Amino acid sequence: MSRGKVSRRDFLRGAGALAAAGTLPISMVELTFGGDKESVHFAYISDSHIQHIEKAKFVRNWDRGLIRAVAEANLLQPKPDFVMFGGDLAQLGTKEELDHGAEMLAKVSGDLHCVMGEHDYYLDLGEYWSELFGPHYYSWNQKGVHFVVLNSILTYDEWTYDRWDSGVRRMAEMAGLDNPNGSPFMVGEKQRKWLANDLKGVDPKTPVVVFSHSPIQKIFKNWNFWTEDAEEVQKLLQPFDTASVIYGHVHQIQYNQIGNISFNSVMATAWPWPYPRSYAQAESHMPKLTVPMNRADPFHERDATGWQWIDVASGRVSMSYSLSNNTDRVVAFNPETGRPEDKAFQSKAGRIAPQTHY
Ligand SMILES: [Fe+2]
Ligand SMILES: [Fe+2]
């Protein structure tokens, strides 16, 4: 679709009017380039965890999060170039859950792209999900940006194919957050080869945006906030002037910068996870630059979900958060320090101020 240039201010003003009606679980993303080049806008919805109870009954909160996000995405002005769903549509990957979620996502007007989450995958290894949403990994070019979707939640063949006596058991093992029987996520050799080949024909000046479910960086292994072959995937992105990895799965605000690659998480429409550093028994690998958001009430239905604005300009992502029961937050790249910073929580030198609200 083509249209004239739209300023970021107009875009935010349009969506801001919606935000005034309440905090909503959706992310709007804008790629701006300046000059005559057209901007790219996309809406991002993630981690809805649609959960079947019995018969036609599903967990209400999770249903409501996704329904609201889709409705608001359809009202955005300007209309997004596409809508991204970031994975974990289902809780246990059943046909009932995937069908119910797909029915809600079918209400998205315009193009929809979907990322595979572990909760969608480990019951039947993504077979039914594929019937509904297509391939697990692919790429496309749009308005001068190279977009890549990866399936980052694969793991070792032995764990996947040999260890469990049923798909139901395998899914149950992978569905737990803190589970010693889980196995680290990875992109895997086959997909890395595909990605290397895919990126061969892309000019290093082209902005690259990668959508994954798990972070393509190593944060906290015990909760699988982790991708085992993260460094190898990062290496494939290093030749580009700017690259951004946008991921779900962690249900919380995270941001980081590794060389030319910006990392930003999107929040869940379902529930927030606590920050791994509060899990005192094990070492945390939280990126040094990530600052935990203050959490007024972790048990509030919409706490740690809300509006999240992502701008990708020259490959540097900046985010504004409007969180339920939380102070508005802005995380922006500071060219002086070469880091993303949350001004309310970090000093000018980029140091992280003491945290007291989580
Ligand atoms: Fe999730
Ligand atoms: Fe996940």
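Two residues are in contact if their C-beta atoms, placed from the backbone, lie within 7 Å. By that criterion, residues 24 or more positions apart account for 69% of the contacts in the protein with a separation of 6 or more. This is a predicted model, in which local features need pLDDT of at least 70 and side-chain atom pairs count only at pLDDT 80 or more, while totals for chains, interfaces and linings use all residues. Residues are numbered from 1 along each chain as its sequence is written.

Next, select residues 243-247, strand E10, where 5 of 5 residues are buried (20 or more other C-beta atoms within 10 Å of their own; exposed is 12 or fewer, partly exposed in between; C-beta atoms are placed from the backbone). Ala243, Val245 and Tyr247 point one way, and Ser244 and Ile246 the other.

E9 (residues 208-212) runs parallel to E10, joined by 5 bridges, and phenylalanine 211 stands opposite isoleucine 246. E12 (residues 261-265) is also parallel to E10, with 5 bridges; there, phenylalanine 263 is the bridge partner of valine 245.

Now move to valine 83. Among its contacts beyond four places in sequence are Phe42, Ile45 and Leu112.

Finish at leucine 132 in helix H5 (residues 127-133). Is leucine 132 buried or partly exposed? Leucine 132 is partly exposed because 17 other C-beta atoms lie within 10 Å. Leucine 132 touches Leu98 and Ala102, not counting residues up to four places away in sequence.

Conventions
Chains lettered and ligands numbered in written order. Helix = DSSP H or I, 4+ residues; strand = E, 2+ residues; numbered from the N terminus. Pairing = 2+ DSSP bridges.
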